[in-house]
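User: Hi! Could you walk me through this structure in plain words?
Analyst: Happy to, here it is.
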Amino acid sequence: MAILRNRLRTIALSGGALFAALSPLPAAAENASAPAPAPAPQQAEKPMNVIFVLVDDLRFDAMGFLTPGLKTPNIDFLRKNGTYFPNAVVTSSLCSPSRATILTGQTARNHGVIDNHQSSEEGLIFFPQYLQQAGYRTGFFGKWHMGDDTDAPRPGFDRWVSFKGQGTYYPTDGISPEGIKEGQRQTLNVDGKHVNRKDYITTELTDYALDWLKEDKKDTQPFFLYLSHKAVHSDPEPAPEHKGEYADLDVTLPASAANTPENNAGKPLWVQNQRNSWHGIDFPYHTDEDFHDYVRRYFETLSSVDDSVGRILTYLHKNDLDKNTMVVFYSDNGYLFGDHGLIDKRNAYEPSVRVPMLVYAPGHVPANKTVDAVVRNLDLAPTFLDVAGVAEPSQMEGTSFLPLVTGQESATQWKSGDFVYEYYWEWSFPQTPTTFAIERDRVKYIQYHGVWDIEELYDLKKDPNEMHNLINDPAYLDNKIALRQALYEQLANSKGQHDIPYGERNSEGLVWRKKGGPRAADFPDRWYVEPDLPTKFNGYFPDSEAKLKADEEGKPYFPGSAQ
Ligand SMILES: [Ca+2]
């Protein structure tokens with residue numbers, strides 16, 4: 001710990017001089033097991049506090065300093081006074097798999113949380129468990145969301161405030177008018193006890209987080225605060241004080257949202273078919289809402305996250321904690337605003353895999369700096385442990401990027417290996433196939449599993465918006481072959497196996513169809529429906545007699561609801 005304190009302080013004073021000789025850091029356990037010397041002043045100092053602010057589904061550019069008209073003064077403060085990582089990415093762009101990666105430092109193929117539903121956490125070790133061992137006080141506040149079954153406290157946290165699955169924006173959401181009258185409310189699990197919700201979710205989670213910080217106002221113990229917002233996940237509901245504040249905002253959707261021959265050129269069939277689906281710009285979440293309006297609500301919901309950041313920064317400043325606290329602002333996955341006709345996430349395109357990332361620690365992390373290295377959610381756990389002086393455990397797969405954060409290393413010196421992406425097909429959202437991708441030196445190769453479709457290759461340096469598929473460009477043949485092979489090799493799990501048993505791909509396959517013959521088949525007639533049907537969520541829930549009856553009567557169905 002003392003060495004880390006030295007390292008962070010020295011870097012702060014030297015403005016980014018090379019201190020590679022100090023790396024790698026020894027484990028805290030080794031420090032602790034060393035013979036106890038006479039206490040030196042530096043050893044009496046605590047390691048840095050960390051506040052990890054995790055937003056849900058925040059698009060990479062949904063921050064005021066990147067989007068004209070969007071006001072996020074507190075997030076912008078972090079950017080101006082901290083370091084911005086424009087190429088932060090996630091190895092799986094979906095809530096539960098990404099959250100599991102952040103917490104375990106493992107990829108989905110190794111932690112096994114491959115979807116948002118039946119996700120076992122058995123055998124997983126979360127990084128805060130190591131922080132507790134290193135003397136940290138740890139608190140979790142908000143959305144955990146690995147499966148929907150339980151909100152019970154998980155290992156690694158001294159304070160636990162959470163809810164099942166996605167939770168709700170307001171305490172009365174999802175409760176019948178009679179229930180509301182009788183005083184029923186959504187609940188939070190606070191250290192194992194259910195407590196009625198009182199306020200708008202973002203505000204309430206921040207209240208709990210700040211109350212927990214105040215319990216150790218004298219800052220006698222280092223802390224790690226994991227503030228995991230529900231916002232701004234669909235369907236975003238703003239707080240009363242922010243409702244309508246962007247009613248007049250001129251929202252511009254990406255140029256690739258339009259259904260044009262130019263935009264469709266080189267895009268897989270599944271992409272073109274998805275635009276008229278739950279996750280498509282032409283039928284967003286099976287509604288007829290103008291997506292410009294959706295974006296306005298999304299930004300209004302973000303305003304409370306910005307307020308929350310402001311309250312945290314004020315608390316740190318007032319209590320003289322900002323000198324020894326690192327704030328990391330992040331999202332569990334990206335979000336498409338109609339890019340390539342798609343909304344939400346899951347695919348391997350840039351707006352889906354890129355996330356906002358800001359690191360603020362005045363005196364330790366350079367202000368107003370941009371580091372364009374590709375850093376992954378996989379690298380967060382080793383980085384947080386590095387801050388605490390804890391060596392990376394063997395099961396973790398990422399690399400600490402603390403030297404990039406402190407300015408000790410430049411982006412060109414950063415060697416983290418390829419960015420490998422995996423997403424596993426979900427029956428509940430069948431529009432997006434299983435997707436594997438790899439990015440090396442800003443060239444991205446994408447492959448789909450189990451569908452009759454094309455591969456993709458993009459040169460992100462020349463084509464950051466992924467408009468020109470180079471998969472059949474002879475100039476990129478070597479890239480294609482090398483990246484296909486590297487993807488296959490690197491997707492093996494820790495046992496050297498592939499989770500989906502499948503053979504290595506080395507060609508396009510026998511895909512032809514007769515010129516002038518029948519075109520691709522259409523979807524079933526019964527799948528073509530009106531927007532905003534009361535039954536629009538029914539397909540998400542398991543089949544049953546009750547659901548069949550609800551379908552026939554045109555009524556919404558939720559498991560357990562009387563029909
Ligand atoms: Ca998410």
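Analyst: Let's start with a term: two strands pair if DSSP finds at least two bridges between them. Strands (E, at least two residues) and helices (H or I, at least four residues) are DSSP runs, numbered from the N terminus.
User: Which residue stands opposite Tyr84 in β12?
Analyst: Leu358 does. Strand β2 (residues 83–84) and strand β12 (residues 358–360) pair in the antiparallel sense over two bridges.
User: Is this from an experiment or a predictor?
Analyst: This is a predicted model: local features need pLDDT of at least 70, side-chain atom pairs count only at pLDDT 80 or more, and totals for chains, interfaces and linings use all residues. Residues are numbered from 1 along each chain as its sequence is written.
User: What is the mean pLDDT of the chain?
Analyst: The mean is 90, and 91% of the residues reach 70 or more; pLDDT is the predictor's confidence in each residue, from 0 to 100. Residues 1–7 have pLDDT below 50, with 19 contacts in the model beyond near neighbours in sequence. Residues 9–44 are also below 50, with 40 such contacts. Two residues are in contact if their C-beta atoms, placed from the backbone, lie within 7 Å. Where pLDDT is low, the predicted coordinates should not be read in detail.
User: Back to the strands. What order do they take in the open sheet?
Analyst: Ten strands line up as β7-β6-β5-β4-β8-β1-β9-β12-β2-β13, with mixed pairing. β7 (193–196) and β13 (369–370) are at the edges with a single partner strand each, so one side of each has no neighbour in the sheet.
User: How many bridges join β6 to β7?
Analyst: Four, and the two strands run antiparallel. Asn189 has His194 in β7 as its bridge partner. Their hairpin has two residues between the strands, and Asp191 takes a positive phi near 50° there.
User: New topic: how do α9 and α12 cross?
Analyst: The axes of α9 (residues 201–214) and α12 (residues 291–318) come within 9 Å and cross at roughly 15°. Axes are lines fitted to C-alpha atoms, for helices over the stretch in contact, and angles run from 0 to 180 degrees between N-to-C directions. That makes α9 roughly parallel to α12 (angles under 35 degrees count as roughly parallel, over 145 as roughly antiparallel, 65 to 115 as roughly perpendicular and the rest as oblique).
User: Which residues make that contact?
Analyst: From α9, Thr202, Thr203, Thr206, Leu210 and Leu213; from α12, Ser304, Val305, Ser308, Arg311 and Tyr315.
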